[in-house]
2 protein chains.
Amino acid sequence: MNINFSEYAKLYKPKIDEILTTILETKLKEVNNSFLKSYYSELKNYLLSGGKRIRPLLTIAAYNAFSKKNEEKIILPSTGMEFLHNASLIHDDIIDKDDFRRGSPAFHYRFKKYHENYSLKKMVAKDFGTSIGIIGGNTTFFLGLEPYLINDFDNQINYKAIELYKKAFVDVIEGVLIEIDMINQTDISIEDYIKMISLKTGALIEKAMVIGVNYANTDEKYIPMISKLGINFGIIFQIIDDILGTFGNEKITGKPTDGDIREGKKTCLLIISLHELSENKKTRLLDLIENPEMSEKDISEVKKLFNEADVQNKCKNIAKKYYNESKDILEKLKSNINPSELEFFESLLNFIMDRSF
Amino acid sequence: MNINFSEYAKLYKPKIDEILTTILETKLKEVNNSFLKSYYSELKNYLLSGGKRIRPLLTIAAYNAFSKKNEEKIILPSTGMEFLHNASLIHDDIIDKDDFRRGSPAFHYRFKKYHENYSLKKMVAKDFGTSIGIIGGNTTFFLGLEPYLINDFDNQINYKAIELYKKAFVDVIEGVLIEIDMINQTDISIEDYIKMISLKTGALIEKAMVIGVNYANTDEKYIPMISKLGINFGIIFQIIDDILGTFGNEKITGKPTDGDIREGKKTCLLIISLHELSENKKTRLLDLIENPEMSEKDISEVKKLFNEADVQNKCKNIAKKYYNESKDILEKLKSNINPSELEFFESLLNFIMDRSF
């Protein structure tokens, strides 16, 4: 039976969500304090308010690719990376001052509202929200260790998964810091950009897949290939994200198309433009971007300069390079992995390359 | 050879600091990006800018209490809890808006200053400091897993240590959240307070000791005793901390004596007063405490009401109860643990009970 990405998701997403629910409900049962109950219950609502569960699905698929026995027992440890991902989203929303995520309130914003509803003493609502948000991210990082501690696999394998969990997040942090620092750089090579997004976006996807292979206990020779495939998925995803962030349809993506420009983010679009435009236009582009208070007109002018540099095609061509490389890796893996997971990976690759949301 | 707390610290602190240094310098060597180098180097400076290393010392002592072979190899995994402790201090300083810690700049404050020195684009200095502070705490949480992943013990034992590492921090978070919620409660029993500080302050000390016993691979029957001893150390430490926070000598403690009162913290002092004072005085105390803008005169009046309730003696008596219980546990352990560590625990117990800083 062949099975593509959306069928795979349909099959496993309810089971992944069931485990996320169980872990949070177990915590809820353990605590007596009423504020702790509100806290864990809000965390449960937040975790279940949306999300495509791409990382757990990748762990499950990487596991099933090499092993078909006991496929159910991989679902529990596959959720570790989903906690890690959500923990970093909770902190990101504080850092970026985003009050909403996937159309639902951000975690910190839920506690800003909580404060307002109960008119709490001594703290202002915004600070209360931020404090509980910082703590909430931390809880989620630590709950993410749980799936490796309570499953049916051998502890030696779990120990290795925890090492990958740690590495994944240290990588993500380094990617995020390099990106923050890039806001102040003007001379960034495409290689630097690829390095940065490999860490920021690629590491979690890569480690989710390597963790799956690790649990399948297969020949280690496949790990470099799976690792490369995961990083490439991340690179392609981020490049397309950069394009959609400025040229996407707001109604479909749900994100305003001026955000990245206003933040001065060194997206693929901006980096390509700085390389391709004439010296005069490059200077003009930098003047516009570095202005802390950009007008609507400034945003339009930036987009016009982006288009003059033909950024959409050029960025897509870079993504295409990693797409082709991934096709080659899948071709090489073809005879060693199960056909249904081969189709899963192929359809996921096509989805992230061609997506419009 | 008997050995008391300060001699023990003198012996092991340099070795603990050496490992903290090595872990951070290894990270520094791994990264090429100049901002990442500044980041890890600032983290190294922060970690080494002070701290009594109580938690690693407790892991080492609990290990040595039951085992004398290979004592050096325990030093590496003993540092996990020090990372965990510092990670939570980094986040606490953001939440409490404290720009200094142990007389040195707080981690987030270092990056506020960094921003000002380099006049970075697009972000304001305070937000930049907060962002790097949140991320810095997260790095430190994850670096704290490293000591369990790279040492000379068996992976099965390391796996158990990671489970304790996770439990320790989930406990601390729950204690901190209960404490935040208590600001809005007026009717708190001593039992609730003890439960809260057992989590907030006791859990890290307890788990540091249990991790030591775990590495010594000794009879499991000792774990409940060591666990109780660790929680008691935490309880006594916190009660004395509450007293010193309001009645200590600022020149010795380095902390202003109006902080806890201004924050409305439910310290042992405040909880005892709310139980002991007459209804009129209790109402007056609550009015004073709940005022967001307290004057110097208000602070003095609160301290006067505290004294009327004889809080210092009453709180010390509660601490004394846990002190005596700990003495009994040590007496029971006497014939089963090494005499030098028995003396270490006894002198530490006396130190935290009698300390004035």
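How far apart do the C-alpha centres of domain 1 of chain A and domain 2 of chain A lie? They lie 25 Å apart.

## Model and conventions

This is a predicted model, in which local features need pLDDT of at least 70, side-chain atom pairs count only at pLDDT 80 or more, and totals for chains, interfaces and linings use all residues. Residues are numbered from 1 along each chain as its sequence is written, and chains are lettered from A and ligands numbered from 1 in the order in which they are written.

## Chain A

Chain A has 18 helices and two strands (DSSP runs numbered from the N terminus: H or I of at least four residues for helices, E of at least two for strands). With a radius of gyration of 21 Å, close to the 21 Å that the globule rule gives for 357 residues, chain A is as compact as a globular protein of that length. The radius is taken over C-alpha atoms, and the rule is 2.2 Å times the number of residues to the power 0.38. Along the principal axes, the C-alpha atoms of chain A fill a box of roughly 65 × 60 × 30 Å.

Of the 357 residues in chain A, 47% are buried (20 or more other C-beta atoms within 10 Å of a residue's own, with C-beta atoms placed from the backbone).

## Domains

Chain A divides into domain 1 (1–52 + 80–143) and domain 2 (155–357); the bounds come from an automatic or database domain assignment. Twelve residues from domain 1 of chain A and 15 residues from domain 2 of chain A take part in the contact (C-beta atoms, placed from the backbone, within 7 Å).

On the side of domain 1 of chain A that touches domain 2 of chain A, α1 (5–30) and α5 each supply at least two residues. The largest share of that side, five residues, comes from α5(A). By class, that side has six nonpolar, six polar and no charged residues. Ala, Val, Leu, Ile, Met, Phe, Trp, Tyr, Cys and Pro count as nonpolar, Asp, Glu, Lys and Arg as charged, and the others, Gly among them, as polar.

## Interface with chain B

In chain A, 41 residues are in contact with 41 residues of chain B. Helices α2 (34–47), α5 (80–95), α7 (125–143) and α9 (155–182) of chain A each supply at least two residues of the side that touches chain B. The largest share, 15 residues, comes from α9(A). The residues of this side comprise 23 nonpolar, ten polar and eight charged.

How values were computed. Two residues are in contact if their C-beta atoms, placed from the backbone, lie within 7 Å. A residue is buried if 20 or more other C-beta atoms lie within 10 Å of its own, exposed if 12 or fewer, and partly exposed in between; C-beta atoms are placed from the backbone.
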